[in-house]
Amino acid sequence: MGQRIIELDVREDIKNKLEPFQKIMEAVKELNNDGDVFILHAPFKPVPLFTVLKAKGFTHEEEELEKKHWKVVFTKKS
């Protein structure tokens, strides 16, 4: 089975005052294997999510692509 990559953009949800946490957790639960990747696009650096996903075995790298656009790549580690 190959590496799975799931990409999710929650910028519109947040702009529309919708809480994206459940949508993020639904996406992440699909990633169970070492090396699986979750790519999140958000309007801010989602610091609280770093701790939540670290507890689920993910490391992360974040990058501010432009004002109000952060890209965070979470990688599953066994």
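The side chains of Lys-15 and Glu-12 come together in a salt bridge, 3.9 Å from N to O. The term salt bridge here asks for a side-chain nitrogen of Lys or Arg within 4 Å of a carboxyl oxygen of Asp or Glu. This is a predicted model, where local features need pLDDT of at least 70 and side-chain atom pairs count only at pLDDT 80 or more, while totals for chains, interfaces and linings use all residues. Residues are numbered from 1 along each chain as its sequence is written, and side-chain values use heavy atoms, leaving out hydrogens and water.

Why are Lys-15 and Glu-12 separated by about one helical turn? Because they sit 3 residues apart in helix α1, which covers residues 11-15. Helices (H or I, at least four residues) and strands (E, at least two) are DSSP runs, numbered from the N terminus. As a rule, an α-helix has 3.6 residues a turn, so residues three or four places apart point the same way.

Now for exposure: buried means under 20% relative accessible area, exposed means over 50%, and partly exposed lies in between (1.4 Å probe, protein chains only). Lys-15 has 61% relative accessibility, so Lys-15 counts as exposed. Glu-12, at 47%, counts as partly exposed.

How many salt bridges does the structure hold? There are 6. Another one of them joins Lys-23 to Asp-13, with the closest N and O atoms 2.6 Å apart. This pair links distant parts of the chain, since Lys-23 belongs to helix α2 and Asp-13 to helix α1, 10 residues apart. Lys-23 is partly exposed at 40% relative accessibility, whereas Asp-13 is buried, with a relative accessible area of 14%.

Asp-9 and Arg-11 also form a salt bridge, and their closest N and O atoms are 2.5 Å apart. Both ends are partly exposed: Asp-9 has 36% relative accessibility, and Arg-11 has a relative accessible area of 27%.

## The two sides of helix α3

Which residues of α3 are buried? They are Leu-49, Phe-50 and Leu-53. They cover an arc of only 110 degrees around the axis, so they lie on the same side of α3. That arc is taken from the directions from the helix axis to the C-beta atoms. Over on the other side of α3, you'll find Pro-48, Thr-51, Lys-54 and Ala-55 exposed.

What do the buried residues of α3 pack against? Their partners are α2 (21-28), β2 (37-42), β3 and β4. Just after α3 comes Gly-57, with a positive phi of about 95 degrees.

## A closer look at Phe-50

Phe-50 is part of helix α3 (residues 47-55). With a relative accessible area of 11%, Phe-50 counts as buried. If you skip its neighbours within four places in sequence, Phe-50 is in contact (heavy atoms within 4.5 Å) with Lys-45, His-60, Glu-62, Val-72 and Phe-74. Take His-60: Phe-50 and His-60 are 10 residues apart in sequence, and their C-alpha atoms are 7.2 Å apart in space.

Strands β3 (residues 58-66) and β4 (residues 69-76) pair in the antiparallel sense over 8 bridges. To count as a pair, two strands need at least two bridges found by DSSP. Thr-59 has Thr-75 in β4 as its bridge partner.

Together, β3 and β4 make a hairpin with 2 residues between them. In the turn, Lys-68 has a positive phi of about 65 degrees.
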